[in-house]
Amino acid sequence: MGSDSDLTVMQAAASFLQQLNIAFELTIVSAHRTPQRLMSYAATANQRGIQVIIAGAGGAAHLPGMIASITTLPVIGVPIKSSNSIDGWDSILSILQMPNGVPVATVALNAAKNAAILAAQIIALQNKNIAEALEHFKQTMQAEVENKITETAKIWNNEFDKRK
Ligand code: RP5
């Protein structure tokens, strides 16, 4: 992430990766304030064993795009509505509108959890345990909605029945 102020959003990614027992590092790399660190971080990530980079930044959010310009690893960008962001669109467009040749997979505003899910899905292509954990995650999500459908029906179908 570009700043420690991004952590309130980015910790949702960390939590999901922890939930799936996926090893990760969480650190600060500022495209504007620590450009040399950005260069070395992106240039060495692959050889350090990193498989996917999730980069969250807000405002003039150059971090994901600059990382993608240096490494061949997949980069997932999380646009953040930060203190220097006008309304969030600046962060979204800074990350989304990459030129041809340098893609950044951009998730929704503040959608750090989705970035982690996508990263897990990429890693799961080569990792059966993570693929199974993702399958379990999807089934849990479905069961939660099915419970809500049952609960909603209990309340509102009764309301309907009462008036018939
Ligand atoms: C971006 O500027 C960071 O990613 C952060 O979202 C935003 C504000 O940074 P701080 O001024 O809070 O450090 O580069």
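This is a predicted model: local features need pLDDT of at least 70, side-chain atom pairs count only at pLDDT 80 or more; totals for chains, interfaces and linings use all residues.

Student: OK, what about Ser5 and the ligand, what distance do we get?
Tutor: Between a polar side-chain atom of Ser5 and an oxygen atom of the ligand, the computed distance is 2.6 Å. For Arg33, a polar side-chain atom lies 2.7 Å from an oxygen atom of the ligand.

Student: Which part of Gly58 comes up against a ligand oxygen, backbone or side chain?
Tutor: For Gly58 the atom in question is a backbone N or O, and it lies 3.1 Å from an oxygen atom of the ligand.

Student: How much of the ligand's accessible area does the protein cover?
Tutor: On its own the ligand has 360 Å² of accessible area, and the protein covers 81% of that.

Student: Switching topic to backbone angles, what is phi of Asn21?
Tutor: Phi of Asn21 is near 60°, which is a positive value in a residue other than glycine. Asn21 is placed in the loop that runs between α1 (7–19) and α2 (35–44).

Student: Is Asn21 buried or exposed?
Tutor: Asn21 counts as exposed because its relative accessible area is 71%, and the cut-off for that class is over 50%.

Student: And what about phi of Asn110?
Tutor: Asn110 also has a positive phi in a residue other than glycine, with a value near 65°, and its place is in the loop between β3 (105–106) and α5 (112–124). Asn110 counts as partly exposed, because its relative accessibility is 33% and that class lies between the 20% and 50% limits.

Student: Back to Asn21, how far is Asn129 from it in space?
Tutor: Asn129 and Asn21 are 9.6 Å apart, C-alpha to C-alpha, although 108 residues apart in sequence.

Student: Where is Asn129, then, and how accessible is it?
Tutor: Asn129 belongs to helix α6, which spans residues 128–162, and at 60% relative accessibility Asn129 counts as exposed.

Note on methods: Residues are numbered from 1 along each chain as its sequence is written. Side-chain values use heavy atoms; hydrogens and water are left out. A polar contact is a pair of N or O atoms within 3.5 Å; within protein, one must be able to donate a hydrogen and the other to accept it, and residues adjacent in sequence count only if both atoms are side-chain atoms. Accessible areas come from the Shrake-Rupley method with a 1.4 Å probe; for residues, only the protein chains shown count as cover. Helices (H or I, at least four residues) and strands (E, at least two) are DSSP runs, numbered from the N terminus. Buried means under 20% relative accessible area, exposed over 50%, partly exposed in between (1.4 Å probe, protein chains only).
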